[in-house]
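Please consult the sequence and the structure shown here while reading.

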Amino acid sequence: MPENEERTDGFSAEERAAMKERAAELRAEGKKGAKKADGLQQVLDRIAQLPPEDRALAERVHLAVTKAAPDLTPKTWYGMPAYTNADGKIVVFFQDAAKFKYRYATLGFQDAANLDDGDLWPVAYALRTWNDEVEKKVIELIRAAVS
């Protein structure tokens, strides 16, 4: 994809199939895996309910999180897609713009994220479009958050 081109096409058929396969694998692991699979399904269902602009961003965030931090577990948190660490604490979340009628979606980090930088650091980022530069920055933030 050309640099700075906005992605708005959502999950591909291959991506959707891979997510369904992963949910089936988790359910096959037993009770703990089934809980993770349910969380994944809740996140995917919530993303599917979003308005088109928010949905496209949430889909890209979901893919970035699963790529950069595959050990994080998806779940919904206050109706938002979120991702938890092994202790069940929220590390990163996506808040759609429509939720509070904002002009931008938000990529946010909770205190379980390792983003500390002195006495002041950002824990939320406005997200209006998705392009290669945004994807690179989001992946860097997620990797730092779980380091």
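Is P70 buried or exposed? P70 is exposed, because its relative accessible area is 60%; exposed means over 50% relative accessible area, buried under 20%, and partly exposed in between, with a 1.4 Å probe and protein chains only. The model is predicted, so local features need pLDDT of at least 70 and side-chain atom pairs count only at pLDDT 80 or more, whereas totals for chains, interfaces and linings use all residues. Residues are numbered from 1 along each chain as its sequence is written, and side-chain values use heavy atoms, with hydrogens and water left out.

**The loop residue P70**
- P70 belongs to the loop between α3 and β1 (73–77); helices (H or I, at least four residues) and strands (E, at least two) are DSSP runs, numbered from the N terminus.
- Between the C-alpha atoms of P70 and Y83 the separation is 9.9 Å, and the two residues are 13 residues apart along the chain.

- Strand β4 (residues 105–109) is largely enclosed by the rest of the structure, because 5 of its 5 residues are buried.
- A105, L107 and F109 point one way from β4, while T106 and G108 point the other way.
- In a regular strand, side chains alternate between the two faces of the sheet.
- Strand β3 (residues 90–95) runs antiparallel to β4 and is joined to it by 4 bridges; strands pair if DSSP finds at least two bridges between them.
- F93 has G108 of β4 as its bridge partner.
- Strand β5 (residues 124–127) also pairs with β4 in the antiparallel sense, over 4 bridges, and there T106 stands opposite A126.

- D54 lies in helix α3 (residues 52–68).
- Although buried, D54 has no salt bridge, a term for a side-chain nitrogen of Lys or Arg within 4 Å of a carboxyl oxygen of Asp or Glu.
- The nearest side chain of opposite charge to D54 is R46, 7.5 Å away.
- The side chain of D54 reaches the backbone nitrogen of A98 at 3.1 Å.
- Leaving aside residues up to four places away in sequence, D54 touches F94, D96, A97, A98 and A105, where contact means heavy atoms within 4.5 Å.

**Aromatic rings**
- There are 5 aromatic pairs, counted when ring centres of Phe, Tyr and Trp (its six-membered ring) lie within 6.5 Å; planes under 30 degrees apart are stacked, over 60 edge-to-face and the rest tilted.
- F100 and Y102 form a tilted pair, because their ring centres are 5.9 Å apart and their planes stand at 40°.
- F100 is partly exposed at 46% relative accessibility, and Y102 is partly exposed with a relative accessible area of 42%.
- One aromatic cluster is formed by W77, Y78 and F93.

Methods. Lys, Arg positive; Asp, Glu negative; His and termini not counted. Polar contact = N/O pair within 3.5 Å; in protein donor to acceptor, adjacent residues only side chain to side chain.
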